Amino acid sequence: MLRPHRFRDVIRIGPVQVGTHNDHRGRVKHTAACTAPGCGFSADYRDRSAAELAARTHRCN
């Protein structure tokens, strides 16, 4: 069974949170996830700058 991600360096840009974690293979991943009710946006990126750009440009419906 996989362990839950332990996020570090978490920042909030609008309704989106960006955090860094290691995946189950030990690789560093950066995740952007929207916290607005009913949105459901989340994505993993290899670069922190890509995750922050996605957070800045994300628009909820």
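Buried means under 20% relative accessible area, exposed means over 50%, and partly exposed lies in between, with a 1.4 Å probe and protein chains only. Keep that in mind for everything that follows.

This is a predicted model: local features need pLDDT of at least 70, side-chain atom pairs count only at pLDDT 80 or more, and totals for chains, interfaces and linings use all residues. Residues are numbered from 1 along each chain as its sequence is written, and side-chain values use heavy atoms, with hydrogens and water left out.

Start with the cysteines. Cys34 is buried, at 11% relative accessible area. Cys60 is partly exposed, at 34%. Are they bonded or too far apart for a bond? From the sulfur of Cys34, the closest cysteine sulfur is in Cys60, 3.4 Å away, and that is too far for a bond. A disulfide here is a pair of cysteine sulfur atoms within 2.5 Å. By this rule, the count is zero disulfides.

Now helix α1, residues 48-57. Helices are DSSP runs of H or I, at least four residues; strands are runs of E, at least two; both are numbered from the N terminus. Which residues of α1 are buried? Arg48, Ala51, Glu52, Ala54 and Ala55. On the face turned away sit the exposed Ser49, Leu53 and Thr57. The cover over the buried residues includes β1 (8-13), β2 (16-22), β3 (28-34) and β4 (42-45), where contact means heavy atoms within 4.5 Å.

Last stop: Asp9, in strand β1. Asp9 is not a glycine, yet its phi is positive, about 55°. Asp9 is also exposed, at 55% relative accessible area.
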